[in-house]
Amino acid sequence: MSENLLETLSVLILLSSFVLMANKRISSYIKSFRIQSMLIALAAGVMGVRSLSDEGRWDILIVCILIVVLKVIYIPGLLNRTYASVRYKVEKDFILNIPILVLVCCGLVVFSYFTLATIDGSSQGMSNMQLVNSVSVIWIGLFFMISRKKALGQIIGFLVIENGLYITAMLATQGMPFIVDLGIFIDLVTFVLIMGMLTFRINDQFDSIDTDQLNNLKG
Amino acid sequence: MGFLLLVIPIIALLLLFILKPKRLLHLVSVSSAVLLLIIAAVLTYKVILYGAIAYSSLGGFFYLDALSMMILDIVLMIGLMAAIFSIGYLEEEVKQGKLPAKKIRLYYMLMVTFIFTMVLALTVKNMGLMWIAIEATTLASAFLVGFYNNRYALEAAWKYVIICSVGIAVALLGIILLHLSSAGILENGSFLDWTALYANAASLKSSVLRLAFIFILVGFGTKAGLAPMHTWLPDAHSQAPSPISAMLSGVLLNSAMYGIIRTTAIVNHNQGSSSFTGRLLIGIGILSIATAAVFILTQKDYKRLLAYSSIEHMGIIAVAIGIFTPLSIFGGLLHMINHSLTKSMLFLSAGNIMQKYDTKQIFKIKGILKTLPISGTVFLLGLFAIAGTPPFSVFASEFSITAAIFNQLNLWVGIVFILLLAAVFAGIAVTLFKMFYGQPDSTEAADPRTGEINIPGTVCLVVLLTAVAAGGIYLPETVRELIIQAQSIVLGTI
């Protein structure tokens, strides 16, 4: 039962990163990120309930609550506030047009399928497909970072990479040790805070958050 | 006692937060660095005598063995030098109006946090926690790289955080795969525990482990500045304040390299030979040296040139780890020490030069030896040292690495390696020695009068120069003992 649910969720999470890639506006990036984080929290919830009933472990449930608090509520809120204060008229900021970007994403899924086909991930009862889905999310996040020019787009791309890593860790290995999860959350929040502040400063100095302007240092 | 290493920076951070007077801020930063170094010295003796130090409290995460101790010693030594140098450097920057006086506190707080994260990375045995600490080093030093808050510094800081964080994210994928390769073999309490992974290396799943190694090499390699993931490094190192550049180059790169060495040890133990990791490491190492050589030959900015030279030396260390014979590992570890000392000395003296001339352009600087007699001399000798001229210590380690390559009959690798080193040598000589000739030009230089600016900092330079020069001729017995123990940890011959 829960295995089917997780399978569905991992497909939905992959789908949400496709949706993100097809977004045009920064405000909808933030929405898609929030939806993806909700799906991940749901997956963590399913696994948490299972591990609680099987082994009596609370840690995955605590992680699930942390995901809801940080990735669904706090970080998107922070990004929205940053966006509100550096708002721009021009919204089109991707390098290729959207159908091509989505096609490349499909290519990335195929690529991770062939990368991971050789290893057997089924050691702890997980199907290889889940691993492929979640690793694809990482590559799509990376590609999203490359394809967007605005500072905020790059921050969200990184957060999607982090989401992908998190879901990979959870599905592949029943979660990392609890203390590692906690540390990753601390790093993630610090990252978002620092990048938010840098975005403000770049906006002050360059009158824009277009990272194409960051091209003075060469050689 | 080991926990003090983590407690002292936190106390120092609190003190820096509370205290106001500038003099007290300087005092806190230097005295915490001194205390850390004293503790590290005591711990080093313990490690040499008894092997690894581990405590069962706090989940048993604290762990120090000869390998981490060696790099920790470098971190804290360079940390102390940078702390002493910072006093004069910051005072001068404030006097020249480049920094507001109230930013000194922020500078020290970030610097202490930076040291704390590096100490943390080196004192845990859990690969996951080590990853977290290495990611935290990026975050702690982001604002130090962008400290001047101008266009260039912000660009460097942005690239630094984005590239390193993504790289490190790739390393996390590698660590997840490492975890996956141990599924069903390790117990719940020892997940990702380096000692447990190493002890059970033979039964880990090879296919997953090989994939994990590739990701970890790319990830930590980004942080270590190995080509082609090095692009953030010249920007960050040239824009950061000089004491921070010294720490980035001398210390941070080594911490990332440490992650690669730990993983290599596990993978080689699992595979039973070094052929898989060796090919990758030698390839990426040679590529780094070649990239650095090209950019050094055409460089116009002396801080960027030093940064590219760091890429070269990380490449040399990667090659040494890839060869994986006792001699090459010894040479590689020794090279870490030598490179750190020499490169931080060069960055610190470059700081003095920059404050005097107010430019990073090589062609605008003439006659350093007259304007800055001590820093100039240190810079000149340091350039010889970093290029690998005897009698300096870098020569000793580069020589043993080269010998190790030829001993293993890797003829072509050896020839390419030597040719590239020669190219780098020529690059450094051709490009930088221009700075020493000619008369100091009073119209172009901001402050052409002769004399040193930063007296305590210059003392540091002389101390480092003495160490670098003496290290080429004589290696103290304790250092040798430490390196040999570290070598046997890497090779697994304990």
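**Labels and their grounds**

Modeller: Take residues 58-79 of chain A: the end C-alpha atoms lie 30 Å apart, and the span is 95% helix and 0% strand. Residues are numbered from 1 along each chain as its sequence is written, while chains are lettered from A and ligands numbered from 1 in the order in which they are written. This is a predicted model, where local features need pLDDT of at least 70, side-chain atom pairs count only at pLDDT 80 or more, and totals for chains, interfaces and linings use all residues; side-chain values use heavy atoms, with hydrogens and water left out.

Biologist: What makes a stretch a helix here, and how many helices and strands does chain A have?

Modeller: Helices (H or I, at least four residues) and strands (E, at least two) are DSSP runs, numbered from the N terminus. On that basis chain A has seven helices and zero strands, and its pattern along the sequence reads α-α-α-α-α-α-α. Residues 151-172 of chain A are 100% helix and 0% strand, with end C-alpha atoms 32 Å apart.

Biologist: Where does UniProt place the label "transmembrane region" in chain A?

Modeller: The unreviewed UniProt entry gives it to residues 6-23, 35-52, 58-79, 100-119, 125-144, 151-172 and 178-200 of chain A. Such annotations use the numbering given here, have shortened feature names, and may be inferred rather than shown by experiment.

Biologist: What does the radius of gyration say about chain A?

Modeller: The radius is taken over C-alpha atoms, and the globule rule is 2.2 Å times the number of residues to the power 0.38. For 219 residues a compact globule would come near 17 Å; chain A has 18 Å, so the two agree. Its C-alpha atoms fill a box of roughly 55 × 35 × 35 Å along the principal axes.

Biologist: Why is chain B called as compact as a globular protein of its length?

Modeller: Chain B has 19 helices and two strands. Its radius of gyration is 21 Å, close to the 23 Å that the globule rule gives for 494 residues, so the description holds. The box for its C-alpha atoms is roughly 70 × 55 × 45 Å along the principal axes. An unreviewed UniProt entry lists "domain: NADH:quinone oxidoreductase/Mrp antiporter transmembrane" for residues 126-418 of chain B; that span is 79% helix and 0% strand, with end C-alpha atoms 38 Å apart.

Biologist: How do you know which residues of chain B and chain A are in contact, and how many does each supply?

Modeller: Contact means heavy atoms within 4.5 Å. The contact takes 48 residues from chain B and 48 residues from chain A. Together the chains bury about 4,300 Å², 77% of it on carbon and sulfur atoms; buried area is the accessible area (1.4 Å probe) that two parts lose on being put together, summed over both. Phe143(B), Arg151(B) and Trp158(B) supply 18% of the area that chain B buries against chain A, more than any other three residues.

Biologist: What makes Lys150(A) and Asp210(A) a salt bridge?

Modeller: Their side chains meet at 4.0 Å, N to O. Lys150(A) is in the loop between α5 (128-147) and α6 (151-173) of chain A, and Asp210(A) in the segment after α7 (178-206), 60 residues apart. Over all chains the count is twelve salt bridges.

Biologist: What makes the peptide bond from Ala227(B) to Pro228(B) cis?

Modeller: Its omega is near 0 degrees. Pro228(B) is in the loop between α8 and α9 of chain B. Another cis bond joins Pro390(B) and Pro391(B), with omega about 5 degrees.
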